[in-house]
Amino acid sequence: MPALLEVNLSGERTKSGIPPEDVPRFLSLYDQVRGLMTMPPETGDPETSRPYFRRLAELAREHGLRELSMGTSQDYRVAAEEGATLVRVGSILYAE
């Protein structure tokens, strides 16, 4: 079954995922990983998410992965600019 590997780039304890330095080890455990995903810290300024998205795209390229799940309603435009192939939106669809 194809899967995405979640990477905790922010180091926040409230976030799931593995540290970036563990990516190679986890990729060696399962050969159906198609890409990476991340959740940057919540922010009022989408631009603050850009370094996290850029780093995830670098990690994906380093490991030959094509899918990038990054970005939510708060920062999906920045995520798309940095190469997202999947975004998670919800609140923008159900705005007040």
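**Walking through a predicted fold**

Visitor: In which helix do Glu 58 and Arg 55 both lie?
Guide: A quick heads-up: what you're looking at is a predicted model. Glu 58 and Arg 55 are three residues apart, about one turn of the helix. Their side chains meet in a salt bridge of 3.4 Å, N to O. The helix that holds both residues is H2.

Visitor: Is Glu 58 buried or partly exposed?
Guide: Buried would need a relative accessible area under 20%, and exposed would need over 50%. Glu 58 has 32% relative accessibility, so that residue counts as partly exposed.

Visitor: Which residues do salt bridges that share partners join into one network?
Guide: Let's look at two of the pairs. Arg 50 and Glu 47 meet through their side chains at 2.8 Å, N to O, and Glu 82 meets Arg 54 at 2.7 Å. Salt bridges with shared partners make one network out of Glu 47, Arg 50, Arg 54, Glu 81 and Glu 82.

Visitor: How many residues apart in sequence are the parts that Glu 82 and Arg 54 tie together?
Guide: The side chains of Glu 82 and Arg 54 form a salt bridge. Glu 82 is in the loop between helix H3 (76-81) and strand E4 (86-88), while Arg 54 is in helix H2, so the distance in sequence between the tied parts is 28 residues.

Visitor: What handedness does the unit made by E1, H1 and E2 have?
Guide: Start with the strands: E1 (residues 3-6) and E2 pair in the parallel sense over four bridges. In one of these spots, Glu 6 has Met 37 of E2 as its bridge partner. With H1 included, E1 and E2 make a β-α-β unit that is right-handed.

Visitor: Which strand does E2 reach by way of helix H2 in a β-α-β unit?
Guide: E2 has a parallel neighbour, joined to it by three bridges. E2 and helix H2 (residues 50-62) make a right-handed β-α-β unit with strand E3.

Visitor: Which residue's side chain has a polar contact with that of Ser 69?
Guide: Ser 69 sits in strand E3. Its relative accessible area is 6%, under the 20% cut-off, so Ser 69 is buried. A polar contact of 2.5 Å links the Ser 69 side chain to that of Arg 88.

Visitor: How many of the five residues in E2 are buried?
Guide: E2 covers residues 33-37. That strand is mostly covered, and the number of buried residues is four.

Visitor: What is the accessible area of the surface patch with Met 1, Leu 29 and Tyr 30, taken together?
Guide: Tyr 30 is in the loop between helix H1 (23-29) and strand E2. At 35% relative accessibility, Tyr 30 counts as partly exposed. Together with Met 1 and Leu 29, Tyr 30 forms a nonpolar patch whose accessible area is about 380 Å².

How values were computed: Residues numbered from 1 in each chain as written. Predicted model: local features only at pLDDT ≥ 70, side-chain atom pairs only at ≥ 80, totals over all residues. Heavy atoms only, no water. Patch = residues over 30% accessible without salt bridge, like charges linked within 9 Å, V, L, I, M, F, W, Y side chains within 5 Å. Areas by Shrake-Rupley, 256 points an atom, 1.4 Å probe, with all protein chains shown as cover. Salt bridge = Lys/Arg side-chain N within 4 Å of Asp/Glu carboxyl O. Helix = DSSP H or I, 4+ residues; strand = E, 2+ residues; numbered from the N terminus. Buried < 20%, exposed > 50% of the residue type's maximum accessible area, 1.4 Å probe, protein only. Pairing = 2+ DSSP bridges. Right-handed = clockwise from strand over helix to strand, strands pointing away. Polar contact = N/O pair within 3.5 Å; in protein donor to acceptor, adjacent residues only side chain to side chain.
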